[in-house]
Structures are given as structure tokens and as C-alpha cells.
Amino acid sequence: MQAEHPERATHGLSRRQFLAIVAGALLLPAGCDRLPGRKPRIGLALGGGGAKGLAHIPMLEALDAMDIRPYMIAGTSIGAIIGALYAAGLSGARLRAFIEQFLVTERDTAQQLIPMPRSLRWLDFIDPTLAEGGLLDSTDFIAFLGETITARDFDDLEIPLKVVATELWSGEPVVLEAGALLPALQASMAVPGVFPPVQHKGKQLIDGGVASPLPYDLLLDDCDLVVAIDVSGDRKHNDGDGLSFLGTLFHSFHTMSGNILAEKLKQREPHIYIKPDITNVRVLEFYKAQQVFAEAKPAKQALEKALQKTLREFRGRPGCSL
């Protein structure tokens, strides 16, 4: 009787192929049958939107209240900044307090460095400039962020973070997840025409919203459950309203990013998609933080319900836990 080849198994499969199939089944994120007690890996995608991105904070507060810690975060522009602060260890409540300390009232406008009514004092950290491809220089603001968090490299963060920027000339998204953190954040928030491009490893990088305004797709292959927060909001046009140069630029950018996201959602969707109903908040109107927080409350509640439902379904799979 002829001996079986040591690499040959039943049904024409080699032993190596058989073991590869078994290993793949063990690693499938869709189920937990062979991963006893494993909690779901939750990915959190935070989109761009300027001051509307403050709506991310109530969503983070919802995660904290539910004792949910993201497995991984991906962020674009303001989503990258808030994502980095959260990944560095700041809770949603601390982030809210961090923002509120900079709010100014309608009466407190004398200290502004650029003519934007009732703007956030963060603009005191941004210097006007007409050189190098932008109107404003964000260097001092990025330095201020560096004073707020101790993390200097991506490896210093408590939660893995992917920061999205865009290569200026090719228009391709650039995912930054290793090395220096602050330059990556500066690149991700470099709105074209407002902030100059950031030089990084021989590339000129601009705002990630040009290529990927809500980067949930970066998390789908690594996470069991992906939550995507779209803070693009809405801007209603009233007859007779005029638009400034910056207003036209920002609204055009908003429209472009919305079109990109709409096409992406047609291809592949996140497990949970939340879009707070933020209206008539411009990119730099951070003084409207309280309005943004209030308008984000229904979305926060929707997120809590969606997470509860999805996690119940996950718990129902054999071998899974919460």
C-alpha cells in the first residue's frame, strides 16, 4: 500500500492548505465562534468639518458613558485633531472643557487678530500670512496642541491612530500612522487656500478632506464594528445672503467633500453611520461650540441606541462577550 505524501490530506487538499483555511477561519472578524470571550474590535472614524467637528465630542462622551474603548481611530482634519487628543488619553468630558475654555462672547472681540466676528481664541494661535500657499499659518496652533498632550509620536498614543492627509499634486490620500504626530495633524488640517501645504518626506500635503473626508474604510478590515461620524453638517442659503472669499472657498470645499463621501458610501458602508444635524456653522466659527453641542444631542442618542443594538447582536454570536 502506497504511503500518503506527508503534505497530502483528504479531498485533494495539502496539509498546508488545510491549516491555512483553519487559521483564516479563526481570524475572521465576522464571528467569534473560535475566539472565546473576545470583545468586539470597535473602529472609530472621525470626519472633517472645521468647527462642526466639535460634534465629535458628544459622540466620544457617549462612548465613555458606555465604557467603550475604540480599538483604532482614523481621522481627517478636525477629526484627526480630536482623535489624537482622545487617543492621547483625554476623555470626552475633558475635551469639552478644553474647548469651552477658549470660547469668547459677542462682547469679547477686541483681542482678535483677524476680522472674524466672535471667533474662538484659537485664532490667536494662527498668524495671518499671504505667503507659501495659504492665508493663515497654523504653526503656533500646532505648537499649542503639543503643549496640551505629551504624545510626540504615534507610538506614544494609548489608542492606535490613522491620520489622513492628501498629496497636493496627485490628489491621493496619504495615511500617516507612524513617526511624528504633530506634523501629521498639521498636514491633515491644511485646508487648501487657507493653510499652506505641509512638507512631509518629499511630498506636499494638504487637508485630508480633499481625498477622504470620512476615512472609515481604513478600519473595516481590522475591526469587527466600525462607527463613522460625519460632521459635514449643512449650510442653508438664504436669498440675498452674500458670500465672502473665505465663505465661497469653504462652501466649495464642503460640497466637494460631500460628493466624495457620497460616492464612497455607495461602494462600502460602515456598520454605524451617524451624521449630526449641524446647520449654518462655518469652518472657523468655533465660537458656536454650544450650538454644535446642542444640535449634536439627537445624534449622540442615536449613536447610543445603534451601539446597544449592534453589541447585543454581537453578544449573540457563539463565543463573544461584551
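Which side chain does Glu61 meet in a salt bridge? Glu61 meets the side chain of Lys300, at 4.0 Å from N to O, where a salt bridge is a side-chain nitrogen of Lys or Arg within 4 Å of a carboxyl oxygen of Asp or Glu. The model is predicted, so local features need pLDDT of at least 70 and side-chain atom pairs count only at pLDDT 80 or more, while totals for chains, interfaces and linings use all residues. Residues are numbered from 1 along each chain as its sequence is written, and side-chain values use heavy atoms, with hydrogens and water left out.

## Salt bridges

A search of the whole structure finds 10 salt bridges. The pair of Glu61 and Lys300 links distant parts of the chain, since Glu61 belongs to helix α2 (residues 56–65) and Lys300 to helix α9 (residues 297–315), 239 residues apart; helices here are DSSP runs (H or I, at least four residues), strands are runs of E of at least two residues, and both are numbered from the N terminus. Glu61 is buried at 14% relative accessible area, whereas Lys300 is partly exposed at 23%.

| Pair | N to O distance | Relative accessible area |
|---|---|---|
| Glu61 and Lys300 | 4.0 Å | Glu61 14%, Lys300 23% |
| Asp217 and Lys264 | 2.9 Å | Asp217 33%, Lys264 16% |
| Glu285 and Lys288 | 3.1 Å | Glu285 14%, Lys288 18% |

Lys264 and Asp217 form a salt bridge whose closest N and O atoms are 2.9 Å apart. Because Lys264 lies in helix α7 and Asp217 in the loop between β8 (203–207) and β9 (225–229), this pair ties together parts that are 47 residues apart in sequence. Lys264 is buried, while Asp217 is partly exposed. In the pair of Glu285 and Lys288, Glu285 is buried, and Lys288 counts as buried as well.

## Aromatic rings

The structure holds one aromatic pair. The rings of Phe98 and Phe144 have centres 6.1 Å apart and planes at 15 degrees, so the pair is stacked; rings of Phe, Tyr and Trp (its six-membered ring) pair if their centres lie within 6.5 Å, with planes under 30 degrees apart called stacked, over 60 edge-to-face and the rest tilted. Phe98 is in helix α4 (residues 92–100) and Phe144 in helix α5 (residues 139–148), so the pair ties together parts 46 residues apart in sequence. Both Phe98 and Phe144 are buried.

Rings also take part in contacts with charges. The charged end of Arg96 sits over the ring of Phe293, 4.3 Å from its centre, and Arg41 lies over the face of Tyr71, at 5.9 Å from the ring centre. A charge sits over a ring if NZ of Lys or CZ of Arg is within 6 Å of the ring centre and within 35 degrees of the ring normal.

## Enclosed space and an enclosed helix

A search of the whole structure finds four cavities of 30 Å³ or more. On a 1 Å grid over the protein atoms alone, a cavity is a set of points where a 1.4 Å probe fits but cannot get out, and lining residues have an atom within 4 Å of a point. The largest cavity has a volume of about 450 Å³, a volume being the space filled by probe spheres set on the points, which are joined across faces, edges and corners.

The largest cavity is lined by 32 residues, and Gly49, Gly50, Ser77, Val191 and Val283 lie nearest its centre. Helices α3 (78–87) and α7 (245–267) each supply at least two residues of this lining, with α7 giving the most, six residues.

Helix α6 (residues 181–188) has seven of its eight residues buried, so it is largely enclosed by the rest of the structure.

## Backbone

Asp67, in the loop between α2 and β2 (72–76), has a positive phi near 55 degrees and is exposed at 71% relative accessible area. Lys201, in the loop between β7 (198–200) and β8, has a positive phi near 50 degrees and counts as exposed at 75%.

Key: On a 1 Å grid over the protein atoms alone, a cavity is a set of points where a 1.4 Å probe fits but cannot get out, and a pocket is an open set with protein on both sides within 12 Å along at least five of seven lines; lining residues have an atom within 4 Å of a point. Buried means under 20% relative accessible area, exposed over 50%, partly exposed in between (1.4 Å probe, protein chains only).
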